[in-house]
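This report examines one protein structure, with attention to a selected helix and to several residues in loops. Please consult the sequence and the structure shown below while reading.

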Amino acid sequence: MKPMIRYTGTIAVTAMVAWAVAAYLFGSSSADAQPAPQPQSQPQAIEPPAPKVDGPGSPPVATSNAGAEAGSAAPSELPARTIVEVSCDNATPATTFTGPVDGEVATDSIVKFALPPSVDIIPDSQTSAGLEVKAGRTKCLKFTKDGVFLFHSSTKQRGAITARQWYDILVNKQVDDLKGGNFWMPKAVNLTADDSDLMYYAVLGLSIFFFFAIAGAVVFLVVKYRHRPGRKPEPSPAHNDALEITWTVIPTIICVFLFYYGWTTYVRVVTPPTKAVEINVLAWRWNWQFTHSNGVQDSDLHVPVNTPVRLVMTSKDVLHSFYAPVMRVKQDIVPRRYTYAWFFPTKPGTYRLTCAEYCGTNHSQMGITNDGRRAVLVVHEPGGYERYLADKAAQSTKLPPVDLGKMLYEKKGCNACHTTDGSARVGPTWKGAFGTMVPLTDGTQVKMDESYIRESMIYPQAKSRPGFPPSMPSFEGQLKENEILGIIAYIKSLK
Ligand code: CUA
């Protein structure tokens, strides 16, 4: 009987330690990988160009509204008037400006300018044609195209109005993660996350408690029973029933508590409800692609609030991991198979989204835009998700090829490897490349024309170039015909 109690005690202690170690590693892994808070660099308005003619009295570059008329500076860039005046009478302005300040407005929304008597707004160039308000006047304008529109005033103030689609304003917001929450984690906005937080803090608390209890006991006993000259060691007691029962029963209760909450939470986390909004996720080095039910694709994840969302995820190349800290969701993404994640967002906002599995050189830059912004998770207000799907679908069909190519350059992650400013990154730059002869690894040369660009997107390794690793993934089946043409048009435009 006595050896039985000893063995049971030993097994229980071993199991408890193993469990604590496993639970600690498992429970804390999400906190370890939490990215250090990074200041999200907000997209900067393009620097105002040096004023060429800006003195009071000298005429500004362009004050006429005739941006689209033949004979103006860049008629081909402006197929239609970008900034149009609308009646302020029964309009509800989305934004009101009362001075010549920088601002961000939603494309196609009504913007009201109500200027004090001393300042006016004068467009800086043809691009801003139409952005003109006299001092002390009220005027309503509508920006029909995305862009940065520079202006100045007679009082020598300068400013820029950035027009973006309303959903692009949301993704460019500062992430809400850092408001609320605590040292370890941002505040959860996932309905199913509450118990996982309880588990996390329980395991953390138990680990800290037992660390100090055990280490303290060790130090105390080492000091108390240290060797002293002239003293013989006393024989150890063979067993102690009360002690062995205590260290069996208490850890058992702890393990049962951890198992019960761990298991029930785990089952809920891996079992999405059947009626969920389903979004396909494709990850590659180094971008995300989220495909929605109506075919809209984006490199930011947009989801509705108060609705279960299920992600069906796979990778084009290597292991990645989908991690949305506010949702307490982290799931590996594996090539050639599908993994799943789901959450139930409870609060609209813009949240951090990151890859939590080292996937190569630009792992930390996965989903980064040209503005230095990372891919985000946007939880829309009720109705916003449907509006996003409809507006985004309409936008990609109406964009001119060059603009479509420019958008895809970011949204498909081309920017992770190719620059448009002439510098080399993982891949060759796109600037000034079209029409040139490029050397190949087999010693021959090829002309960079439409066919070569198309082949490089579909079969990237067919004609590889020296000095660049053959690591580009194929975009076969992931670019529509008009999208391929858009990217070619964009490369052509980068002279
Ligand atoms: Cu993808 Cu790290």
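This is a predicted model: local features need pLDDT of at least 70, side-chain atom pairs count only at pLDDT 80 or more; totals for chains, interfaces and linings use all residues.

## Helix α5

The expected span of a helix is 1.5 Å times one less than its number of residues. Helix α5 runs over residues 384-398 and has 15 residues, so it should span 21 Å.

Several residues of α5 are buried, namely G384, Y385, Y388, L389, K392 and Q395. Because these residues cover an arc of only 140 degrees around the axis, they lie on the same side of α5. The face turned away from this buried side carries T397 and K398, which are exposed. The cover over the buried residues of α5 includes two helices, α2 (166-171) and α6 (401-411). It also includes the strands β9 (277-284), β11 (297-298), β12 (301-304) and β19 (376-380).

## The protein as a whole

The protein contains eight helices and 21 strands. Of its 495 residues, 41% are buried. Its accessible surface comes to about 26,600 Å², and carbon and sulfur atoms account for 61% of that surface.

Contacts can also be sorted by separation along the sequence. Among contacts with a separation of 6 or more, 67% are between residues 24 or more positions apart.

## A residue in helix α4

I254 belongs to helix α4, which comprises residues 241-270. Leaving aside residues up to four places away in sequence, I254 touches L206 and F210. I254 and V203 are 51 residues apart in sequence, while their C-alpha atoms are 10.0 Å apart in space.

## Backbone features in loops

Which peptide bond is cis, with omega near 5 degrees? It is the bond from R285 to W286. W286 is placed in the loop between β9 and β10, the latter being residues 287-291.

R336 has 79% relative accessibility, so it counts as exposed.

Key. Residues are numbered from 1 along each chain as its sequence is written. Side-chain values use heavy atoms; hydrogens and water are left out. Helices (H or I, at least four residues) and strands (E, at least two) are DSSP runs, numbered from the N terminus. Buried means under 20% relative accessible area, exposed over 50%, partly exposed in between (1.4 Å probe, protein chains only). Contact means heavy atoms within 4.5 Å. Accessible areas come from the Shrake-Rupley method with a 1.4 Å probe; for residues, only the protein chains shown count as cover. The arc is that of the directions from the helix axis to the C-beta atoms.
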